[in-house]
Amino acid sequence: MTIQVNITPNGRMSLPADIRKRLGLNGGGAVYLDETDDGVVLRTAAQAVARAQALAKRYTGDNSDTSVDAFLARRREDSGE
């Protein structure tokens, strides 16, 4: 879906209410902007986290040895705790 959003002279733009509702931004909230070669992508916090998790999984797969908990356990073991 493509919609036109106008930008005010001071740089503000408004997302239409139906889009904010679908994205769970009813009471406001943050969105993350990525500038790409193709243009600009806006993501909610949940979408940004899901994307980061998918990217991490691409490199770690289902290897449980790459989790934060596993890393901390190894550090404790190395330090003798």
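Val31 first: I find it in strand 1. I'm working from a predicted model, by the way.

Is Val31 buried, exposed or in between? Its relative accessibility comes out at 36%, so I put Val31 down as partly exposed. The cut-offs I need for that are under 20% for buried and over 50% for exposed.

Next I checked which residues make up the nonpolar surface patch. Val31 is one of them, together with Ile7, Met13, Leu33, Val40 and Leu42. I noted an area of about 540 Å² for the patch. Which strands supply at least two of its residues each? I got strand 1, running 31–36, and strand 2, running 39–44.

Then I moved on to Ala48, which sits in helix 2, residues 45–60. Ala48 has 26% relative accessibility, so it goes in my partly exposed column. What does Ala48 touch, if I skip residues up to four places away in sequence? I wrote down Tyr32 and Arg43.

Last, the record. UniProt has an unreviewed entry that lists residues 2–47 as "domain: SpoVT-AbrB". Over residues 2–47 I get 20% helix and 26% strand.

Technical notes. Residues are numbered from 1 along each chain as its sequence is written. This is a predicted model: local features need pLDDT of at least 70, side-chain atom pairs count only at pLDDT 80 or more; totals for chains, interfaces and linings use all residues. Side-chain values use heavy atoms; hydrogens and water are left out. Helices (H or I, at least four residues) and strands (E, at least two) are DSSP runs, numbered from the N terminus. Buried means under 20% relative accessible area, exposed over 50%, partly exposed in between (1.4 Å probe, protein chains only). Contact means heavy atoms within 4.5 Å. Patches are made of residues with over 30% relative accessible area and no salt bridge: like charges are joined within 9 Å, nonpolar side chains (Val, Leu, Ile, Met, Phe, Trp, Tyr) within 5 Å. Accessible areas come from the Shrake-Rupley method with a 1.4 Å probe; for residues, only the protein chains shown count as cover. A salt bridge is a side-chain nitrogen of Lys or Arg within 4 Å of a carboxyl oxygen of Asp or Glu. UniProt positions are given in the numbering used here, feature names are shortened, and annotations may be inferred rather than shown by experiment.
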